[in-house]
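Below is what I'm looking at, and after that come my notes in the order I looked things up.

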Amino acid sequence: MPLTRPAADGGSCEAGSLLLYISEIMEKKAQIMDQTAKARLRPLQKQILYDNVPFRPCKKIIQFFGGHGIDWLGNPDIALYSVIMTDVWKGVSIATVIYIAGITSIDKNYYEAASIDGANGWQRLKSITIPLCRPAMNSVIILSFIGGLRSFDLIWAMTNGGPGFATDVMASIVYKQYAAGFYGLSTAGNVIMFVLIALLGFPLQKFLLSKEVD
């Protein structure tokens, strides 16, 4: 869609023309973002769902017993679970890095003292590693919680919220309202999503911090 610049008269422009120009820019930007996300993630979607973990072993097992391949994204009953499994698989790497950083930051003197006291591997894990790894665990929980509430790119690239509305989440609903021209409704949805994340995120963070050990 070609952009139409507002006509200027003596250095000023009419408010209606300016608003029209801004709305055209925002619509064009939304279309570009949509096309970019699809172009980047569509090949990855097929590779993840049909060629790699975690769906390839399931497909092989089903075919081994004479069954047919599952339509992971076309079946409304399992489409959301397929997206969730993909999102979990995608987040394992960053969670692993955070846990490794948390474990390596534990002072080795604790393990030496526990060994002197005769603690075995399970006791050291339960009494030292897990409690002192709590900050890393809390970081993973908070990031996963917030990321899940505001998840959009993976869902939009894989299913567009479909089939039907089976995989729609709050962010994709807000985007659909904006793409349909309901700018006020989509803005209100963003505000509601922000307030919801804040109302749920801060108490969760406070609760998790209260469980950490000094």
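I started with Thr167, and it is buried, because its relative accessible area is 0% and the cut-off for buried is under 20%.

Where does Thr167 sit? I found Thr167 in the loop between α7 (153–158) and α8 (170–179). Next I checked what its side chain does, and there's a polar contact with the side chain of Thr159, at 2.7 Å. Then I listed what Thr167 touches, skipping neighbours within four places in sequence: Ala79, Leu80, Val83, Ile155, Thr159, Gly161 and Gly162. So Thr159 turns up in that contact list as well as being the polar partner of this buried residue.

**Ser151**

I moved to the loop between α6 (134–149) and α7, where Ser151 lies. Buried or exposed? Ser151 has 12% relative accessibility, so I put it down as buried. Leaving out neighbours within four places in sequence, I get Val169 and Ala171 as contacts of Ser151.

**α3 against α6**

Now for a pair of helices. I looked at how α3 (residues 79–104) packs with α6: the angle is about 160° and the axes are 8 Å apart. That angle makes α3 roughly antiparallel to α6, because the cut-off for that label is over 145 degrees. The crossing of α3 past α6 is right-handed.

Which residues meet there? From α3 I noted Ala95, Ile98, Tyr99 and Gly102. Facing them from α6 are Ala136, Met137, Ser139, Val140 and Leu143.

**Leu208**

Then I went to helix α9 (residues 183–210), where I found Leu208. Leu208 counts as buried, since its relative accessibility is 8%. I also checked its spacing from Ile142: 66 residues apart in sequence, yet 9.0 Å apart in space, C-alpha to C-alpha. Not counting residues up to four places away in sequence, Leu208 touches Asn138, Ile141 and Ile142.

Last, I looked up the confidence. The chain has a mean pLDDT of 77, and 70% of its residues reach 70 or more. Over residues 1–12, pLDDT stays under 50. The model still has 17 contacts beyond four places in sequence for that stretch. Where pLDDT is low, the predicted coordinates should not be read in detail. So I'm leaving the contacts of residues 1–12 out of my reading, because their pLDDT stays under 50 and low values call for that caution.

Technical notes
Residues are numbered from 1 along each chain as its sequence is written. This is a predicted model: local features need pLDDT of at least 70, side-chain atom pairs count only at pLDDT 80 or more; totals for chains, interfaces and linings use all residues. Side-chain values use heavy atoms; hydrogens and water are left out. Helices (H or I, at least four residues) and strands (E, at least two) are DSSP runs, numbered from the N terminus. Buried means under 20% relative accessible area, exposed over 50%, partly exposed in between (1.4 Å probe, protein chains only). A polar contact is a pair of N or O atoms within 3.5 Å; within protein, one must be able to donate a hydrogen and the other to accept it, and residues adjacent in sequence count only if both atoms are side-chain atoms. Contact means heavy atoms within 4.5 Å. pLDDT is the predictor's confidence in each residue, from 0 to 100. Axes are lines fitted to C-alpha atoms, for helices over the stretch in contact, and angles run from 0 to 180 degrees between N-to-C directions. Angles under 35 degrees count as roughly parallel, over 145 as roughly antiparallel, 65 to 115 as roughly perpendicular and the rest as oblique. A crossing is left-handed if the near helix is turned anticlockwise from the far one by less than a right angle, and right-handed if clockwise.
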